[in-house]
Amino acid sequence: MKIGLFVPCYVNALYPEVGVATYKLLKHLGVDVAYPLNQTCCGQPMANAGFETKALPLAKKYENMFKQFDYVVAPSASCAAFVRTHYPRLLNGEKHACETSAKTMDIVEFLHDILKVTALPGHFPYVVSVHNSCHGVRELGLSSPTELNIPTYNKIVDLLKMVEGITIKEPERKDECCGFGGMFAIEEPEVSVKMAHDKIQRHIETGAQFVTGPDSSCLMHMQGVAKREKSPIEFIHIAQILAAGL
């Protein structure tokens, strides 16, 4: 099994430790993983802003770069969801067969559904509140959407339970949006910040020291609001917890 690691440009720029942790974790689990050096953005920001034609060159580049791999793994649920959900339609308009969509996965679903890991190396002796991002819940199925009233499951929690020393919590209204939403945070900043404030407070009320999840964009948004409000909680990507100690 040959894996291509896709680390979104904003993650590389702001949180390079997330990509490093993901790479270390995959290598520890015996995966043949490669990191193409000339990768860039998946095109989601352009498409979400209404400029899909600007996303097309990036989609084609992603396709050509990663089509050789069995799977493409990303430490970003929203980017993985964009490739999975929108690339087939975008590339179909260009008469370009989409080869990477179905095999692009978030790190959580790859570990949980493909590798089916039963043990992880991490040691993280802290109280952690789990953040379920909208893309992860409703497009990748990382956890059960409460509005569907189906049997509950959470792949993020399943993996965290394998980490030594961790105490796992979930906030009230656990799959409600944090207010980021990409362009929504730019176009409706007041609403976006209020949603983040409310979400952060619910995480704090669990008694957690850290908030974790698979989507760096949500964590980035909440971290910025929490820092400005001097809220007593920290944020960490799940890959960093699962790889702790490597």
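## Strands 7 and 8

Let's start with a parallel pair: strand 7 (residues 210-213) and strand 8 (residues 234-237) are joined by 4 bridges. Strands here are DSSP runs of E with at least two residues, helices are runs of H or I with at least four, and both are numbered from the N terminus; two strands pair if DSSP finds at least two bridges between them. Val211 sits opposite Phe235 of strand 8. To get from strand 7 to strand 8, the chain goes through helix 11 (residues 216-229), giving a right-handed β-α-β crossover. Right-handed means that, with the strands pointing away from the viewer, the path from the first strand over the helix to the second runs clockwise.

This is a predicted model, where local features need pLDDT of at least 70 and side-chain atom pairs count only at pLDDT 80 or more, while totals for chains, interfaces and linings use all residues. Residues are numbered from 1 along each chain as its sequence is written, and side-chain values use heavy atoms, with hydrogens and water left out.

Contact means heavy atoms within 4.5 Å.

## Helix 10 on helix 11

Helix 10 (residues 189-204) packs against helix 11 at about 85 degrees, with the axes 9 Å apart. The two helices are therefore roughly perpendicular, a label that covers 65 to 115 degrees. Residues in the contact include Val193, Ala196 and Ile200 of helix 10 and Met222, Val225 and Ala226 of helix 11.

## The 2-1-3-4 sheet

Another open sheet of 4 strands has the order 2-1-3-4, also with parallel pairing. Strand 2 (32-34) and strand 4 (104-106) are the edges, and the twist averages 35 degrees from one strand to the next. Strand 1 (residues 2-5) pairs with strand 2 over 3 bridges, with Lys2 opposite Asp32. Helix 6 (residues 107-115) lies across strand 1, strand 3 (71-74) and strand 4, at about 100 degrees to strand 4.

Technical notes
Axes are lines fitted to C-alpha atoms, for helices over the stretch in contact, and angles run from 0 to 180 degrees between N-to-C directions. Angles under 35 degrees count as roughly parallel, over 145 as roughly antiparallel, 65 to 115 as roughly perpendicular and the rest as oblique.
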